[in-house]
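Dear colleague,

Please find below the structure for your review.

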Amino acid sequence: MAGLIRDTDIAAVRERAPIDEVIRDHVTLRNAGGGSLKGLCPFHDEKTPSFHVTPSRGYYHCFGCQEGGDVITFVQKMEGVGFTEAVERLASRFGVELHYEEGRPGAARDLGQRGRLIEANRLAAEFFRAALGSADAEPGRRFLLERGFDEAAASRFGVGFAPRSGDALLGLLRSKGVREDDAVTAGLVVRGSRGYYDRFRGRLLWPIRELSGDVVGFGARRLFEDDRVDAKYLNTPETPLYKKSHLLYGVDLARRDIASTSQAVVVEGYTDVMACHLAGVTTAVATCGTAFGEDHIRVLRRLMLDHDEFRGEVIFTFDGDEAGQQAALRAFAGDQEFVAQTYVSVEADGRDPCELRLADGDAAVRELIANRVPLYRFVLRNVVGRYDLDRADGRVDAVREAARLVASVRDRSKVEAFARELAGMAGVDVEDVRAAVRSAQRPGARGRRPGSSAEPDARPGQPEPTRVPDPGERRFEVERGVLKLALQEPDSVGPWWPELDGEDFTHPYYRAVFAALTGLGGPTASSSAAVDAALAGGDARRVVSALAVEPLHLATAPDERVGRAYVMRLRELTAMRRIAELKSRLQRMNPITEATGYNRLFGQLVALESERRTLRESVIGD
């Protein structure tokens, strides 16, 4: 299907769609130097950012999972769509008019399923928002006012109302050209035995948006006693757009402040998010009818750029009741996925942020968040607090249960600190706690922390052609540097390129990139895209995308002098390898019985040593 769109239009999309802007919808990016940006990879879990983006060349590459490509590839992988739909979505966003080859009538109007569902949700959000001003919506307006939210607040968060009739939205969507099957797929309309009818009727609605700001679903609150659906809250069902385990309400409003402050506040409901933002806590988000889980953690980590060198904080607000304590235990289970410090804020009287703001004002909400306590301390106190610590058996039972939680912590550096704190809470000797933790630990549980990218270089005997080169391998550092210059700063190495040959590159993939560049006429006559197209193998093409975006880390500007130094250093390494080979052969020869061969090789060795010294002096001189 990709061929149906004209190649010139596809090229225009690549040119007009800034790759960093598109990727920032999903990942917080920070300056990595040399015109490159970096962040936490959206395609795999990691603790240290290895995802690089180079806007000037339109490429991204992850050095952890080796995913890479251009802006179209990113949309394909991130949104789970095909090439054509990715191009169409980008074209729609950045104002590129697409033209199609003959044979697909009306294709220019077909945005693909995702585009159609996004449009249906957008129309629904506008419809619901306007309906909040109707006479029938008075109970919804009263609900908001009783919780401290005026018309301005409702408008800021896009709160709306679904009319009680069964086909008000359906009629609007039909009039706008939305197909009934798309309305059903979007979760806005239900197909019953008597036809189609609106899913949401007589309810207050909050639009749920993804990071880009597109509406993908709704949360609906019951208002009328005669509502046929008993559930207080009714959410959009799972759809191609709405995946509740991946979505956070308010993330579209909070994302920039989460990124700039490296703080996220996780509350329990839509009105709590509203209360926090209106009170000045603009990093607040909430889950959408499900427990906070691993996928939510991944979203926040990417936004916070949560890694070992830049720690942030995640603050949970829970009710003080049993349900709140169970929520805290679930959050503690996911705590180890964060590098950020995790905290809990619980109001003394058990009030949530919405209730607290209504009773005591905005300052009280800000104070609630400021008076946070570490999550582990909150959890351990709750566990220990269930037992009578005045009794010896109560202390033993408290330590035994709490020790199981401490033993589950995969970050071994935290275990000792938790054990000491638990000993103080329970009033027992720290050695007793350590013993309880050791007994609770399962054998072999000291594995590497999840997300760690520390892997062995290569297994002994593993054939090099099957392994993509690791950017951190020192033995390939100069080869990689020459190729990075060739792809990123071709003018710097162009004049010296003829002095190189394939034997200067010891890794098969680097040798393949060199051959492709040379076959295209050298660095100054080619481009990353041309080299990418010349390499048939998938792994080799991934190497190109990595080389095209990896920072150069140069002390000076990448000019011809720098390029010459890199080329001369690479040639020197080749000479050193040949010298080592000659010395090995000479050592195995008898200089008397094999005098002719020995003298010939010795002459070659002398010549190579001279060449190496010349190359070394050239490098030092530069």
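**Charged side chains and overall make-up**

Arg122 has a relative accessible area of 35% and is therefore partly exposed, a class that lies between buried (under 20% relative accessible area) and exposed (over 50%), with a 1.4 Å probe and protein chains only. The model is a predicted one, in which local features need pLDDT of at least 70 and side-chain atom pairs count only at pLDDT 80 or more, while totals for chains, interfaces and linings use all residues. Residues are numbered from 1 along each chain as its sequence is written, and side-chain values use heavy atoms, with hydrogens and water left out.

Arg122 is joined to Glu119 by a salt bridge with an N to O distance of 2.7 Å; the term denotes a side-chain nitrogen of Lys or Arg within 4 Å of a carboxyl oxygen of Asp or Glu. Both residues belong to helix H5 (residues 112-131), where they are three residues apart, about one turn of the helix. Helices (H or I, at least four residues) and strands (E, at least two) are DSSP runs, numbered from the N terminus. Glu119 is partly exposed, at 30% relative accessibility.

A second pair is found in helix H6 (residues 138-146), which holds both Arg142 and Glu138, four residues apart, about one turn of the helix. Their salt bridge brings the closest N and O atoms to 2.4 Å. Arg142 is partly exposed at 39% relative accessibility, and Glu138 is partly exposed at 35%.

Which parts of the chain does the salt bridge between Asp214 and Arg89 tie together? In this pair the closest N and O atoms are 3.0 Å apart. Asp214 is partly exposed at 24% relative accessibility, and Arg89 is partly exposed at 24%. By the rule stated above, the count of salt bridges comes to 44.

The surface also carries a patch of negative charge, made up of Glu489, Asp491, Asp559 and Glu560. Such patches consist of residues with over 30% relative accessible area and no salt bridge, like charges being joined within 9 Å and nonpolar side chains (Val, Leu, Ile, Met, Phe, Trp, Tyr) within 5 Å. Asp and Glu count as negative, Lys and Arg as positive, and His and the chain ends are not counted; the place of a charge is NZ of Lys, CZ of Arg, CG of Asp or CD of Glu. Glu489 is located in the loop between helix H20 (477-488) and helix H21 (490-493), and is partly exposed with a relative accessible area of 31%.

Helix H20 also contains Glu477, which is partly exposed at 44% relative accessible area. Glu477 and Leu570 are 93 residues apart in sequence, and their C-alpha atoms are 9.6 Å apart in space.

As to the whole, the protein has 26 helices and 17 strands, and 49% of its 622 residues count as buried. Among contacts (heavy atoms within 4.5 Å) with a separation of 6 or more, 67% are between residues 24 or more positions apart. The protein exposes about 29000 Å², of which carbon and sulfur atoms supply 48%; accessible areas come from the Shrake-Rupley method with a 1.4 Å probe, and for residues only the protein chains shown count as cover.

With kind regards
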